[in-house]
Amino acid sequence: MNRTTLSLIAGTAALAAVTGFATLNQPESAGQDTARAAAELPVERTSLLCPSPSTSDLAETSYTSFTPVTKGTAATGTAELTAAAGDAAAPTDTASGKTGDKAGDKAGDKASGKPGGKASGGTGDKASGKKKAAKPVVAPKTPGTPAVGVTTGGDAPALLGTAEGKFAPGWTVQATTEVVAGSGRGLQGLTCTAPDTEFWFPGASTSADRTDYVHLTNPDDSAAVVDVELYGKGGVLASTVGEDITVPPHSSEPILLSTLTPEKQEDLTVHVNVRSGRLGAAVQALDAKLGGDWLASSAEPAATQVIPGIPKDATAVRLVAYAPGDADADLKVQLASTSGLITPAGHETLHVKAGMTTSVDLGDVTRGEAGSLILTPTDHATPVVAAVRVLRGKGDKQESAFIPAAGPVGARASAADNAARTASLSLTAPKGAAKVRVTASAGSGGGTSVSQTYTVKAGTTLEVRPPVPAGLKGTFALTVEPLTATPVYAARTLTVTQEGVSGFTIQTLPDDRGTVAVPQVDEDIAVLQR
């Protein structure tokens with residue numbers, strides 16, 4: 001009896017600890033049949049963390065908050081973002097969602113022209129010297145319709161987000177920053193992250209042209225303690241300042257990687273290991289010549305990794321991998337192209353030494369066809385993490401972005417901040433044919449949701465221009481739902497052209513964790529009664 005009771009309590013407690021705010025309530029009336037049918041229930045509270053987007057005075061950042069419509073949720077709820085402690089400048093909500101589409105689509109207009117980039121109600125009050133409660137921003141009014149906020153300049157804060165009730169299941173927030181000049185110029189995009197205790201970032205760098213920061217954001221009431229470890233081509237890089245880093249409550253700390261080690265290495269793997277508390281983490285990679293973007297964390301170490309969404313016009317692809325265990329990894333490298341699985345000539349396999357970062361230039365591996373990299377073990381299964389850096393353009397008109405290895409879409413995943421003619425969607429099914437439904441939400445300023453079903457052939461990548469809501473105003477979200485049991489992986493690309501340079505950013509779409517499995521109550525009670 002004790003074992004069954006404790007397992008139920010422990011499972012719920014573990015869920016809350018790991019996801020940060022994924023909590024559940026039992027349905028008000030749950031008979032025997034209802035309990036059996038309610039094995040999957042919507043989460044009722046969740047959190048997301050967005051790091052400070054840029055230090056450039058030329059930056060403009062839009063935040064898009066979106067929750068897909070989910071059956072069985074509560075009738076009420078909220079989803080809001082607030083500035084982290086010590087940060088006063090917050091995004092300004094916009095009525096229609098945006099200044100207009102970044103590629104010149106002009107889909108919507110800001111409510112009152114161009115905002116100053118700072119909303120009232122920040123965390124500080126200079127007149128009185130007292131701190132105020134941060135004013136919530138970017139709060140959607142209803143599931144299924146995005147809400148957008150915009151900020152300009154280099155003092156935009158990190159944001160702490162919480163969604164409850166009907167806004168919690170599948171909640172996503174996209175931060176998209178446009179920087180017109182300087183280091184890291186171009187388009188930078190990030191899906192704000194849920195708090196966790198461990199992150200892997202293969203693809204970071206301390207080379208002379210790179211300025212990489214790891215941003216650590218603490219959502220909780222107590223300080224978090226974290227180690228930031230760097231692994232290069234020869235193994236771990238010695239550093240004492242990377243240990244026992246304290247991140248105060250409700251705050252965010254950007255850490256310049258070059259301050260953690262004097263070594264200049266082109267390819268590094270960053271390991272964020274939280275000793276106490278929870279954090280959100282992301283790496284901002286700024287290149288003096290090749291623009292910049294955010295590097296999101298790789299999927300958890302696994303013997304097989306999928307890197308979806310490499311653009312068809314990629315001029316250079318650099319694969320970076322790391323084996324965190326005690327054993328070397330030998331990987332078979334394949335590209336899921338539009339026509340099937342192919343092996344890149346001269347790069348059939350990749351040997352990754354234990355504890356060391358390995359990289360290889362794959363060149364223009366896609367050769368005019370969108371593709372996804374599939375990494376599988378050649379013999380023994382050794383867990384790895386991986387990512388690619390992708391270049392588009394040539395000469396002084398090159399731009400870079402990163403794609404980490406990703407988990408499958410699972411039941412559902414969403415990507416916010418899409419505009420007509422600027423977004424593309426890549427779907428890949430390495431293990432078998434799959435059918436996928438893609439739903440374009442209503443626009444942030446108006447429009448009607450529309451869905452379309454696609455078939456992805458086994459071992460291929462399908463790149464599509466997603467459906468666009470009828471009567472679109474503002475931006476819209478895309479929700480991907482596999483209709484077959486075959487695992488599907490997805491990535492969304494946003495592209496903006498400025499002065500002949502195609503700025504772009506790519507976000508993967510892993511499962512949104514909008515539901516959670518709960519014990520079948522009637523069976524547990526029956527066990528307790530024995």
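I noted about 70 Å³ of space in the second largest cavity. The model I am working from is predicted. My search of the whole structure returned three cavities of 30 Å³ or more.

I then listed the lining of the second largest cavity. It consists of Pro202, Gly203, Arg210, Glu266, Asp267, Arg318, Val320, Ala387, Val388, Arg389 and Phe402. Strand 10 (198-204), strand 20 (314-322) and strand 26 (385-392) are the elements that give two or more residues to this lining. Strand 26 contributes the most, with three residues.

I turned next to the nonpolar cores. The largest holds 28 residues, of which Ile307, Leu319, Leu373 and Val388 touch the most other members. I recorded a second, separate core of 26 residues, with Val226, Ile245, Leu260 and Leu295 among them.

I looked up the contacts of Ile307, leaving out residues up to four places away in sequence. Ile307 touches Leu319, Ser372, Leu373, Ala386, Ala387, Val388, Ile403, Pro404 and Ala405.

Four strands make it up, in the order 28-35-30-32, and their pairing is antiparallel. Strand 28 (413-418) and strand 32 (450-456) form the edges, each pairing on one side only. From one strand to the next, the twist averages 20°.

Within this sheet I examined strand 30 (residues 434-440), which is joined to strand 32 by seven bridges, the two running antiparallel. Which residue of strand 32 stands opposite valine 436? I found tyrosine 454 in that position.

How values were computed. Residues are numbered from 1 along each chain as its sequence is written. This is a predicted model: local features need pLDDT of at least 70, side-chain atom pairs count only at pLDDT 80 or more; totals for chains, interfaces and linings use all residues. Side-chain values use heavy atoms; hydrogens and water are left out. A nonpolar core is a set of buried Ala, Val, Leu, Ile, Met, Phe, Trp, Tyr and Cys residues joined through side-chain atoms within 4.5 Å. Buried means under 20% relative accessible area, exposed over 50%, partly exposed in between (1.4 Å probe, protein chains only). Contact means heavy atoms within 4.5 Å. Two strands pair if DSSP finds at least two bridges between them. Axes are lines fitted to C-alpha atoms, for helices over the stretch in contact, and angles run from 0 to 180 degrees between N-to-C directions. On a 1 Å grid over the protein atoms alone, a cavity is a set of points where a 1.4 Å probe fits but cannot get out, and a pocket is an open set with protein on both sides within 12 Å along at least five of seven lines; lining residues have an atom within 4 Å of a point. Grid points are joined across faces, edges and corners, and a volume is the space filled by probe spheres set on the points.
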